[in-house]
Amino acid sequence: MMASTWSRYHFLTQRFSLDLLLSLVLTLTWPFTVTGGAAILKGEVGGNVTFHCSGKSVKNIDLLYLQRDNVFVNGYYESKKVPATWNNTKFDRNTSSVFMDNLKVSHRGEYKCHIRYKDEQHINEDSITLSVTAKYSRPIFSPPVCSEETQNCQTTCTSNNGYPESSMIVQAIVTSTNETIRQIWQHVKSVPSPNPSTSLYNITTTVSYNCSNGEIKFSCSVGDVTSDEFSVCAHQDQRSTDIVIMTAICILVVVVMIAGVLCWRRRTGEHRNCTHV
């Protein structure tokens, strides 16, 4: 009786350990985010994802296939040949998963895994939503265009090949002789333009400024990507300094000339007085 009880306890302990280990493995390897019962799979343009369709033994599967909008993607039929599959997908029968690479924005959407097990008559259906994003390129400023009369200038900041549509934030640091002012412009006008063939967005923002306040250092960002610092109006400070220096030199020359003339007149007067005596 004791031996039977011990064997049963040992069996249950091993079974519990095995189940716990399997649960941990599935937790560590499962690539989905589950929200409200729906699985969300995240990928990036040019990257790859794996659709895991079944948690049961592969030996018990009669058919398993992945489709989107009633279009067959890839899968397995035990009793017949599968239709044409997507070129960027591979079905792994050992793991009951579909591997998809070379992701594009057009691949996003809701997919469904259809599974039928040998000991069941009905087909099970699981939904997986694939979201695809693309990181915007590092923003770049264009050379400024200025009016010499008004000192009003414009420059543009551009970032390319991102998804989804986003907006641009511009930061300006104005340095004058008295203080440094930091400004963040979150509501500048950004013009997003999608690429018809890739659905990726290019964003261009036009920044208008005036050089009368001194040097300005701009930077722009999209998401977590920020441009290099772009300095403008630095020549205005140099020009102002040059003007001050030239003015000081001119004043000094005038003062020296006046002093020379006065000294010359004084000496001329003294010389005449001496001759008269």
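Four disulfides are present in this structure, which is a predicted model. When the bonded cysteines of the chain are numbered in sequence order, they pair as 1-2, 3-4, 5-7, 6-8.

**The disulfide of Cys 53 and Cys 113**

- The sulfur atoms of Cys 53 and Cys 113 lie 2.0 Å apart, and the two residues form a disulfide.
- This link between Cys 53 and Cys 113 is left-handed, with a value of -45° about the S-S bond.
- Cys 53 sits in the loop between strand S3 (49–52) and strand S4 (61–68), whereas Cys 113 belongs to strand S8 (residues 109–117), so the pair ties together parts of the chain that are 60 residues apart in sequence.
- Is Cys 53 buried or exposed, and what of Cys 113? Cys 53 is buried, and Cys 113 is buried too.

**The disulfide of Cys 157 and Cys 220**

- Cys 157 is joined to Cys 220 by a disulfide, with an S to S distance of 1.7 Å.
- Distant parts of the chain are linked by this pair, since Cys 157 is found in strand S12 (residues 152–162) and Cys 220 in strand S17 (residues 215–222), 63 residues apart.
- Both Cys 157 and Cys 220 are buried.

**The disulfide of Cys 211 and Cys 233**

- Another disulfide connects Cys 211 with Cys 233, at an S to S distance of 2.0 Å.
- Because the torsion about the S-S bond of Cys 211 and Cys 233 is about -70°, this disulfide is left-handed.
- Cys 211 lies in the loop between strand S16 (201–210) and S17, while Cys 233 lies in the loop between strand S19 (230–232) and helix H2 (234–276), so the pair ties together parts that are 22 residues apart in sequence.
- Cys 211 and Cys 233 are both buried.

- How many bridges join S6 and strand S7 (residues 97–100)? The two strands pair in the antiparallel sense over four bridges.
- Within this part of the sheet, Lys 90 stands opposite Phe 99, which is in S7.

Key. Residues numbered from 1 in each chain as written. Predicted model: local features only at pLDDT ≥ 70, side-chain atom pairs only at ≥ 80, totals over all residues. Heavy atoms only, no water. Disulfide = S-S within 2.5 Å. Buried < 20%, exposed > 50% of the residue type's maximum accessible area, 1.4 Å probe, protein only. Pairing = 2+ DSSP bridges.
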